[in-house]
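Colleague: I'm new to this one. Could you walk me through how to read it, feature by feature?

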Amino acid sequence: MDVFTEAIGDEVKLIAVSKTKPNEAILEAYEHGHRAFGENRVQEMVDKYEALPKDIEWHMIGHVQSNKIKYFAPFVHLVHGMDKPKRFKELDKEAAKNNRVIDCLLQVHIAKEESKFGFDMAEAEAFLSQDIQTLFPNLRIRGLMGMATNTDDEAVVRGEFNGLKAFFDKMQQLSATHFDTLSMGMSGDYQIAVEEGSTMVRIGSAIFGAR
Ligand SMILES: *Cc1c(COP(=O)(O)O)cnc(C)c1O
């Protein structure tokens with residue numbers, strides 16, 4: 001992990017994406033002092049949460065399904081993939097049931113691929129222009145998450161991250177003071193993401209090996 005801290009600096013938070021990897025791999029990183037792990041499947045995250053030390057921060061980085069929210073609402077640290085308005089209502093409700101305020105990120109679609117989830121920027125702006133605090137009293141929208149196009153063309157990736165950072169800065173003006181997180185960058189593109197202003201990177205295969 002230290003090699004990443006060098007590469008991304010102290011200002012950028014590293015989420016070690018442990019999906020499909022066994023508990024032993026997580027514990028090894030844990031013993032080196034790492035605490036933030038990312039998973040994309042709810043059942044797998046719940047199983048790992050139950051088996052592993054309770055001071056681990058669990059990040060839900062995958063697509064969120066309505067009927068699964070209740071399983072991670074009691075313990076999740078940050079939900080990255082909030083990709084449509086009704087998800088916020090659902091997560092707010094589960095947060096209330098658990099007497100928690102849950103942190104989450106609004107996912108913005110920046111890639112060329114059709115398949116990736118998220119708001120487009122106009123939708124995101126309209127959504128964040130509402131009175132969020134009143135609508136979702138049990139949530140804190142901490143910022144934005146985005147995934148760049150999966151391509152070797154660095155200019156495309158840089159342009160997408162740069163655009164998301166500019167949009168993040170603009171949304172920060174309308175939002176509460178805790179709007180401070182821009183989750184962008186994975187194994188293949190985190191250096192570019194950090195150069196373009198990411199505050200949080202989600203790195204799996206470069207840490208744990210290929211899946
Ligand atoms: C799997 C995954 C990652 C990590 O991908 P790597 O290429 O292994 O670093 C990051 N973000 C999301 C949303 C993922 O699903």
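Modeller: Let's start with burial: a residue is buried under 20% relative accessible area, exposed over 50%, and partly exposed in between, using a 1.4 Å probe and protein chains only. Keep in mind that this is a predicted model, where local features need pLDDT of at least 70 and side-chain atom pairs count only at pLDDT 80 or more, while totals for chains, interfaces and linings use all residues. Residues are numbered from 1 along each chain as its sequence is written, and side-chain values use heavy atoms, with hydrogens and water left out.

Colleague: Is Phe-88 buried or exposed, then?

Modeller: Phe-88 has 0% relative accessibility, so it counts as buried.

Colleague: Next, rings. What describes a pair of aromatic rings?

Modeller: The distance of the centres and the angle of the planes. Rings of Phe, Tyr and Trp (its six-membered ring) pair if their centres lie within 6.5 Å; planes under 30 degrees apart are stacked, over 60 edge-to-face, and the rest tilted. Searching the whole structure gives eight aromatic pairs. Take Phe-37 and Trp-58: the ring centres are 6.2 Å apart and the planes meet at 40°, so this pair is tilted.

Colleague: Where do Phe-37 and Trp-58 lie?

Modeller: Helices (H or I, at least four residues) and strands (E, at least two) are DSSP runs, numbered from the N terminus. Phe-37 is in strand E2 (residues 36-39) and Trp-58 in strand E3 (residues 57-60), so their pairing ties together parts 21 residues apart in sequence. Phe-37 is buried at a relative accessible area of 0%, and Trp-58 counts as buried at 0% too.

Colleague: And what about Phe-88 and Phe-119?

Modeller: Phe-88 and Phe-119 make an edge-to-face pair, 6.2 Å from centre to centre with 65° between the planes. The pair links distant parts of the chain, 31 residues apart: Phe-88 sits in helix H5 (residues 85-97), and Phe-119 in the loop between strand E5 (102-109) and helix H6 (121-128). Phe-119 has 2% relative accessibility, so it counts as buried. Together with Phe-127 and Phe-136, Phe-88 and Phe-119 form one aromatic cluster.

Colleague: On to the ligand. Which residues are around the ligand?

Modeller: A residue belongs there if one of its heavy atoms lies within 4 Å of the molecule. Among them are Val-17, Lys-19, Ile-61, Met-145, Met-147 and Arg-211. Strand E6 (139-147) and strand E8 (200-203) are the elements giving two or more residues to that shell.

Colleague: How do the shell residues divide by type?

Modeller: Into six nonpolar, three polar and three charged. Here Ala, Val, Leu, Ile, Met, Phe, Trp, Tyr, Cys and Pro count as nonpolar, Asp, Glu, Lys and Arg as charged, and the others, Gly among them, as polar.

Colleague: How do I read polar contacts?

Modeller: A polar contact is a pair of N or O atoms within 3.5 Å; within protein, one must be able to donate a hydrogen and the other to accept it, and residues adjacent in sequence count only if both atoms are side-chain atoms. A ligand nitrogen lies 2.9 Å from an N or O atom in the side chain of Arg-202. A ligand oxygen is 2.8 Å from a polar backbone atom of Gly-204, and a backbone N or O atom of Ser-205 is 2.7 Å from an oxygen of the ligand.

Colleague: Last one: backbone angles.

Modeller: Most residues other than glycine have a negative phi. Thr-20 has a positive phi of about 70° although it is not a glycine, and Thr-20 is exposed at 54% relative accessible area. Asn-99 also has a positive phi, near 55°, and is exposed at 75%.
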